[in-house]
Amino acid sequence: MAGVRAPKPKLRSRRGGSAVPLDETDKRLMNLLQSSFPLEREPFALVGSEAELEPEEVKARTQRLLDERIIREITPIFDTRALGYSSMLVAAKVDSEHPQRAARIVNSHPGVSHNYLRTHDFNLWFTIATPPDSSLGLERTLELLMEETGAESMRQLPTLTLFKINMNLEMEGGTDALSTAIEAAPPRELEPQPYDEGDVAVIRALQGPMAVTDRPYDAAAEQVGIDPDALLERLRGMVDRKLLRRVAAILYHRRAGFSANGMGVWKVPEAEVFETGRRMAAFRGISHCYQRPTYPDWPYSVFTMAHGRSKEECDAVLDSIAAECRIGPRERATLYSSTEYKKIRLHYFTDDYARWEAEHS
């Protein structure tokens, strides 16, 4: 659709970045909004029923949490790979004295959704995606970024096996809850799935922040020109076809009290990766768990993202994994983020990708 543009990236500001006090009802509501936002005409009423709150209080609390920048947005979470986008994590060695220069260049690409400075020789870590109709493709895009940033090295770390992706922060439980193994879900498929122009129209209309109203899906249905029930039926079908993971609240981690995130990386023998990855993914405090390729200067094959209210809480989660999987200190490392340069929800089927490629090719 001509003229559709993705949101501008926001660099993290330290002003107002500390945790905001929350009562137990806020925490319960945030847990539900992260995990159980329904594909129904009046989702806030259903959330209220589960939280034992009146719908008006649910909406008032939710709007306050948005206004106070504790909840970033409530939005659909589509599957990048299922939509045919090429994507990967990239680790780069950039000028350690002025990493922000390289970060600005990387951030200019609309497919970069996350970009962090981390405590390692590979100091700039970002995720990037290119659309199915990209004229450059992911490889050439990374070559251009390497040239423009002057990076000494860029290691491509595509997902080989996805064991878990569920950015759902535990607001009510403490360290013990985060350090506990609760489930071992099967790995997800990563192959592109079929979709049609109707799906694309729905994605364009619905991606981005949803309004806190009685019937928040109605505006997208009107834009697409279909009945809200038809929109919801299509969304349920997109879940079944793995195009849509869920609709959920995305939090500002630090404002919600989760001031630390540690990327735990593990040396796991090839024959043990599948079973070990499944066990690591089961821990409540782990949001992402992947198998990725190794290199002579990067021997770690399994990646886990731990989120905690402190570095010590992240360490507790990762130490519990090490004990459960019997992995020694020489077979693991933890990289902490020191600066968040970019964090946005990826937008799909916009003109921004073609515009960036035209400017940089």
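What follows is a set of questions about terms, each answered from a value and its definition.

Guide: This is a predicted model, in which local features need pLDDT of at least 70 and side-chain atom pairs count only at pLDDT 80 or more, while totals for chains, interfaces and linings use all residues. Residues are numbered from 1 along each chain as its sequence is written, and side-chain values use heavy atoms, with hydrogens and water left out.

Visitor: Why is T25 called buried?

Guide: Buried means under 20% relative accessible area, exposed means over 50%, and partly exposed lies in between (1.4 Å probe, protein chains only). T25 has a relative accessible area of 18%, so T25 is buried. T25 is found in helix 1; helices are DSSP runs of H or I with at least four residues, strands are runs of E with at least two, and both are numbered from the N terminus. Leaving aside residues up to four places away in sequence, T25 touches L53 and R61, where contact means heavy atoms within 4.5 Å.

Visitor: What makes helix 2 and helix 3 roughly perpendicular?

Guide: Their axes come within 8 Å and cross at roughly 105 degrees. Axes are lines fitted to C-alpha atoms, for helices over the stretch in contact, and angles run from 0 to 180 degrees between N-to-C directions. Angles under 35 degrees count as roughly parallel, over 145 as roughly antiparallel, 65 to 115 as roughly perpendicular and the rest as oblique. Helix 2 and helix 3 are therefore roughly perpendicular to each other. At their contact, F44, A45, V47 and G48 in helix 2 meet P55, V58, K59 and T62 in helix 3.

Visitor: Why are helix 5 and helix 12 called oblique?

Guide: The axes of helix 5 (residues 137–149) and helix 12 (residues 352–360) cross at roughly 55 degrees and come within 12 Å. Helix 5 and helix 12 are therefore oblique to each other. T141, L144, L145 and E148 in helix 5 meet W356, E357 and H360 in helix 12.

Visitor: What makes a group of residues a nonpolar core?

Guide: A nonpolar core is a set of buried Ala, Val, Leu, Ile, Met, Phe, Trp, Tyr and Cys residues joined through side-chain atoms within 4.5 Å. The largest one here has 46 residues, of which F37, Y217 and L235 touch the most other members. Helix 7 gives the most to this core, with five residues. L235 touches L39, V202, L206, Y217 and L244, not counting residues up to four places away in sequence. A second, separate core of 22 residues includes V90, V94, L117 and F126.
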